[in-house]
Amino acid sequence: MVLKFIFQLENNNGVIEKILLRVAKRLNVRIGLSRDLKNLYAFIDGNEEDIENFSRELSRELPLSIYLKSLNAEVVEEFKDDLNREFPEINLPPCPKCLSEVKDPENENYYNPFHHCEVCGYRLSEKLTVKNEKWKEKFVDLADKLKSEGKIYIQTMNGKFEVSTNLEDAEQIVAVDLAAVATYFMSFEGDAKALGSIEKPLVNLKTNLNFKKEFGLSNPAYFVKLPDCMVLELLCEEIKSDIKLLGLKKTEKSDDFSFEVTNNDEIPVAVVTDTKNHDILIAKGERSLLPKFEKYLGKDLIGYNAQYIASSNENKTVIYKTNEVKESNVNLPFAGYFGVMSQWDLEDKVTMGFAFYKEDENKIMMNSPKFGLVEYIDFEFKFEDFNEIFAAIKVMNETGEKLVENFKNKAPELFENAVKASLDTKKKGIAYLWGLIGIVLGFADNVDDAYEKLLVYANSAMAKKGPRIDYKMKDKNLDPLWAIRTAMSFKLAGVDNYLLSFGVLESFAEFLSNTYETVDKESPLNGAVIVGDLFEGEFLNKIYTNIKKNFPTFTPKALPMSGAIEAYGSAVILSKS
């Protein structure tokens, strides 16, 4: 009898595969593995009792994963085993098996914060594997100090943190469990799946009334996670009866608990979309994602971008992070676009690519097997100062002239601050435009800070719908003046900063999705590719959700929206030359 498990699994980093092999080896069951672009297949060959035992053990050890979309099983006649057993070594939060062992008083690894296995764990020095009979006492002491003093300084697998019961200035919040998340934050099904996954990403969550009442804080949102290493897991185990949330801030101190760990991976930040299935996208971060194996590109070559390298040789392409920073050896928007197309085998399809970067070119492109790559819309504009912007709005039409005069007379402080603001920045395209809008709205006196503040407002807004900001074309380029002037109009009308910032992002997402629909009506497309570091938070959610309603949508597969994907895309482009 052969039972075929079908895992709809976007990632191929070996987490699920290693667990399958481990369970099969322990039970002495014959297993075969195979996969295609979307699915991993596991073939279990045995009698009814063997298969029943395997299924039961797998259910205990199989973690929730961002990338595991579904799991089905069926009885088949064919046994197949053609998957390469080589997997990348990644840093990964604790798996269910290791978690159960460290909390079992009868297990030799009881309360051992350095316990890990072939599936999970972080790169540690050898001395940390030494058995310590007093680990339980250590964590009781840490918990007691935290309860009495409200603050401790500890090393975790992901860096040194000040851990505090005061949440006001927290950079991250650790919830002891999902029940605590539900109590204090506005979280939904997709958020729970992301937080509870083995990848343990940060998710931006809005605070609820319980949070505001209990902690006396008005902060609208925080980046929240569950314990993502054994140190935090065991600390939370000791405090969970008394403390439900902990605030984390990066520090250089680890006076209360110190050890050496080799890990500079950035914690993933997840965006849970409003789509029907609440798709989970990684905006940034590489822990649990890199190194990553991709398909061999037909020749030995190297692509790179920032701190990421994609090296194609032997039978695979390895994407990994280095300490050396290099510029992309291929145009960044093209590299991002081709990287995603290669991952999803879209080279022979007709697609529209949205490639948007904060400090590089912003482009809408199309690719088809008939015409190749076509650049469709650029986003290039620059101004010396706001005097130039206000003058350009005045001459657009009579309404523009009246708007500037009204803004000058009714919001003189905002007008003067804008005129004095510095527009010197590395920001380009839409990030630059949003920085300009942030300045005219009074968020900051420079583009960079105004851009960041606008994002904070937009991502914290309690809104389903924002005011409509005008994004209009001028030939093959976006005319930025329409967006700036409509933002000014809504500011004069008294729209609050949160709702207005939300509208700035939402309206541009709608502009992009409308662009896709317009082209699709004239010449049918096979899907939209979304890539670039501008796509994060609420903007990533809106553009992905808007297009996904009606069309296939492709983002970097099991990679963040920017960084590693351009390194891989660079290698893809070089392989074609």
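Two strands pair if DSSP finds at least two bridges between them.

## Basis of the model

This is a predicted model, in which local features need pLDDT of at least 70, side-chain atom pairs count only at pLDDT 80 or more, and totals for chains, interfaces and linings use all residues. Residues are numbered from 1 along each chain as its sequence is written, and side-chain values use heavy atoms, with hydrogens and water left out.

Strands (E, at least two residues) and helices (H or I, at least four) are DSSP runs, numbered from the N terminus. Strand β9 covers residues 202–207, and five of its six residues are buried (under 20% relative accessible area; exposed is over 50% and partly exposed in between, with a 1.4 Å probe and protein chains only).

With strand β12 (residues 269–272), β9 pairs in the parallel sense over two bridges; Val203 has Ala270 as its bridge partner there.

## Helix α11

The buried residues of helix α11 are Gly400, Leu403, Val404 and Phe407. They lie on the same side of α11 because they cover an arc of only 95 degrees around the axis, taken from the directions from the helix axis to the C-beta atoms. The face turned away from this buried side carries the exposed residues Glu398, Asn409 and Lys410.

Among the elements covering the buried residues of α11 are α10 (386–394), α12 (412–420), α13 (429–440) and α15 (480–492), where contact means heavy atoms within 4.5 Å.
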